[in-house]
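Good morning, and thank you for the time on today's agenda.

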Amino acid sequence: MNHSKSTRTDTLLARYALNFVGLKREFDELRYFCKGTVLKRMMKCGQQRCGCHTDPTKRHGPYFEWTYKEKGKTLNVRLHPEEAPVYEAATQQYRKLKSLLLRMEGLSRKAIFRFARKARVEKSHLSNR
Ligand SMILES: [Zn+2]
């Protein structure tokens, strides 16, 4: 068995383990989350003579909507202006969760690769004696 290579693997694995603990700590900090986005819209009304139809700055609103996909369908939920920040924060948490999950998966993949190779190398080392 190549001793220096084994040490390098162990150093890497120790670093991965430390990084993984750090990511789990970020996981702990997650708050309630929901997928989707919060949209802010200015709308035209039904009255044809209203200024909103010709002047974009005279449109009504803002109106807020939380929009998300479920089973391939896009759903829209009208929100009160006071509710919008709550949903906005929750959708940010969801994006944070997804990025965290990706980073944990990437890190896991690297660690698993090293563990698997280590297991293989150690077994062949034993059988070569
Ligand atoms: Zn109008």
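Let me begin with confidence, expressed as pLDDT, the predictor's own confidence in each residue on a scale from 0 to 100. Within the protein, this confidence is highest in strand β3 (residues 73-79), at 97, and lowest in α1, at a mean of 91. The average pLDDT over the protein is 93, and 95% of the residues score at least 70. This is a predicted model, in which local features need pLDDT of at least 70, side-chain atom pairs count only at pLDDT 80 or more, and totals for chains, interfaces and linings use all residues. Residues are numbered from 1 along each chain as its sequence is written.

I turn to the overall architecture. The secondary structure comprises two helices and three strands, where helices (H or I, at least four residues) and strands (E, at least two) are DSSP runs numbered from the N terminus. In sequence order, the pattern is α-β-β-β-α. The radius of gyration is 26 Å, well over the 14 Å that the globule rule gives for 129 residues, so the protein is more spread out than a compact globule. For reference, that radius is taken over C-alpha atoms, and the globule rule is 2.2 Å times the number of residues to the power 0.38. The C-alpha trace spans about 90 × 25 × 25 Å along its principal axes.

How much of the protein is buried? Buried residues account for 2% of the 129 residues. By the criterion used here, a residue is buried if 20 or more other C-beta atoms lie within 10 Å of its own, exposed if 12 or fewer, and partly exposed in between, with C-beta atoms placed from the backbone. Strand β3 illustrates the point: of its seven residues, the number buried is zero, so the strand lies largely in the open.

Next, the sheet. The three strands form an open sheet in the order β1-β2-β3, with antiparallel pairing. Its edge strands are β1 and β3, each of which pairs on one side only. From one strand to the next, the twist averages 35°; axes are lines fitted to C-alpha atoms, for helices over the stretch in contact, and angles run from 0 to 180 degrees between N-to-C directions. Two strands are said to pair if DSSP finds at least two bridges between them. Six bridges join β1 to β2, and seven bridges connect strand β2 (residues 60-70) with β3. Helix α2 (residues 84-127) lies across β1, β2 and β3, and runs at about 140° to β1.

Which residue of β2 is the bridge partner of threonine 37? That partner is threonine 67. Threonine 67 also stands opposite asparagine 76 in β3. With 14 other C-beta atoms within 10 Å, threonine 67 is partly exposed. Leaving aside residues up to four places away in sequence, threonine 67 touches Gly36, Thr37, Leu39, Thr74, Leu75 and Asn76, contact being defined as C-beta atoms, placed from the backbone, within 7 Å. Threonine 67 and serine 124 are 57 residues apart in sequence, and their C-alpha atoms are 55 Å apart in space.

The peptide bond from glycine 61 to proline 62 is cis, with omega near 10°, and proline 62 is placed in strand β2. Lysine 71 is in the loop between β2 and β3; although not a glycine, lysine 71 has a positive phi of about 50°. The hairpin of β2 and β3 has two residues between the strands, and glutamate 70 stands opposite lysine 73 in β3. Lysine 71 counts as exposed because it has 5 C-beta neighbours inside 10 Å.

Finally, leucine 30, in the loop between α1 (3-28) and β1 (37-43). Is leucine 30 buried or exposed? Leucine 30 is exposed, since 12 other C-beta atoms lie within 10 Å. Its contacts, not counting residues up to four places away in sequence, are Gln93, Lys96 and Leu97. Leucine 30 and leucine 97 are 67 residues apart in sequence, yet 7.3 Å apart in space, C-alpha to C-alpha. On the scale of the protein, among contacts between residues at least 6 apart in sequence, 59% join residues at least 24 apart.

How values were computed
Two residues are in contact if their C-beta atoms, placed from the backbone, lie within 7 Å.
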